[in-house]
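This report describes a protein chain for a reader who has its sequence and structure at hand. Please keep both in view while reading.

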Amino acid sequence: MSKFSNEKVEDQIRHAVSQITPDQANELWEQPVELASSSDWFLDGTAVKRRSGNHVLKTVTAIAACFLICVMSFMTLYMRADAAIYLDVNPSIELQINRFDRVVSAQASNADGQAVLAGMNLKNTDVDVALNAILGSMVKHGYLTEASGTILVSVECSNQKRADSLKLEISSQVEQEIGSLIHTGTVLSQEIETDDMLEDLAEKHQITEGKAALIQKLVSKYPDMDYEYLASLSMSELMNVLEQEDIDIADHLDDLFDEDDLDGDLETTNEDQDDDDQPDSDESPDADDDLESDDDDKQDDHSPNDND
């Protein structure tokens with residue numbers, strides 16, 4: 001069997017390959033080609049997400065709207081009053097406060113109240129700062145003195161728990177301020193619910209709704225009393241009239257606080273503490289007897305030795 005030369009082998013391989021792969025180059029070149037109008041021809045059938053400037057603008061607008069709503073909601077809560085504090089000495093003053101205990105408005109009900117608030121801008125101040133300024137001005141103008149140191153504190157709030165808390169906090173602060181300013185005085189406190197009738201009475205007699213509510217209680221129980229006359233009195237004068245009529249104002253209020261009573265309570269407490277610090281009188285004689293007995297026993301033990 002003859003051997004194939006290398007050239008012959010290569011010829012056989014080339015011939016076999018040419019038979020397997022048909023020559024279609026000319027046919028392919030003759031096929032018509034459709035030119036693409038854009039670069040999307042290679043993405044046919046593929047969904048493409050486009051992010052335009054409008055989409056970004058919509059997102060920013062939505063975020064800004066949410067932020068604006070939050071700010072407006074906070075400002076609404078901040079500027080809206082949810083409680084009222086009424087102060088009556090002879091000056092009558094009303095403070096509207098928000099849930100953050102900030103003053104929303106301060107309004108005088110009579111000319112004396114206007115004199116007290118003159119030159120003050122209490123809006124947005126803490127209620128304790130406002131009370132301090134008002135009480136100090138009352139003392140400065142001579143409305144709050146040792147001889148005329150009675151003040152009525154009235155609280156109005158739809159939330160009963162907050163009303164109770166405010167009445168306690170405000171009355172306590174007023175007590176402390178009066179104690180430091182004039183050293184003695186009486187603080188009356190109450191919770192009220194205003195209505196159209198109280199508002200009309202307060203406006204007519206130039207007093208707060210708090211004082212109007214108190215006088216309404218009094219004339220309802222004592223019909224012989226004249227509303228207009230009682231409304232014209234300062235709180236100290238009103239207290240004197242009620243005392244002359246043997247009427248206890250505490251029966252018509254939630255709370256009554258007197259600085260003199262407080263001093264008495266403190267003295268009583270101190271006396272009780274001193275009594276507790278002293279030893280019990282029943283136990284002292286027994287202890288002394290025991291000591292004397294021990295001394296006698298020691299002397300008896302030494303007696304024989306001395307004789308010797």
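## Basis of the model

The model is predicted; local features need pLDDT of at least 70, side-chain atom pairs count only at pLDDT 80 or more, and totals for chains, interfaces and linings use all residues. Residues are numbered from 1 along each chain as its sequence is written, and side-chain values use heavy atoms, with hydrogens and water left out.

## The chain as a whole

The protein chain contains twelve helices and six strands. Both are DSSP runs numbered from the N terminus, helices being H or I with at least four residues and strands E with at least two.

Of its 308 residues, 31% are buried, that is, under 20% relative accessible area with a 1.4 Å probe on protein chains only. Among contacts (heavy atoms within 4.5 Å) between residues at least 6 apart in sequence, 58% join residues at least 24 apart.

## Strand S4 and its partners

Strand S4 spans residues 150-157, and seven of its eight residues are buried. Two strands count as paired if DSSP finds at least two bridges between them. S4 runs antiparallel to strand S1 (residues 83-88), with six bridges joining the two; here Ala 84 lies opposite Glu 156 of S4.

With strand S5 (residues 186-191), S4 forms a parallel pairing over six bridges. Thr 150 has Thr 186 in S5 as its bridge partner. Helix H6 (residues 160-181) carries the chain from S4 to S5 in a right-handed β-α-β crossover: with the strands pointing away from the viewer, the path from the first strand over the helix to the second runs clockwise.

## The second largest pocket

A pocket is an open set of points on a 1 Å grid over the protein atoms alone, with protein on both sides within 12 Å along at least five of seven lines; lining residues have an atom within 4 Å of a point. The second largest pocket holds about 150 Å³ of space, the volume being that filled by probe spheres set on the points.

Its lining includes Glu 94, Gln 107, Ser 109 and Glu 203. Helix H7 (196-205) gives the largest share, three residues, and strand S3 (103-108) also supplies at least two.

## Ser 92

Ser 92 belongs to strand S2 (residues 92-97). Why does Ser 92 count as buried? Its relative accessibility is 1%. Beyond residues up to four places away in sequence, Ser 92 touches residues including Leu 87, Gln 107, Ser 109 and Ile 207.

Technical notes: Buried < 20%, exposed > 50% of the residue type's maximum accessible area, 1.4 Å probe, protein only. 1 Å grid on protein atoms, 1.4 Å probe; cavity = no way out; pocket = protein on both sides within 12 Å on 5 of 7 lines; lining within 4 Å.
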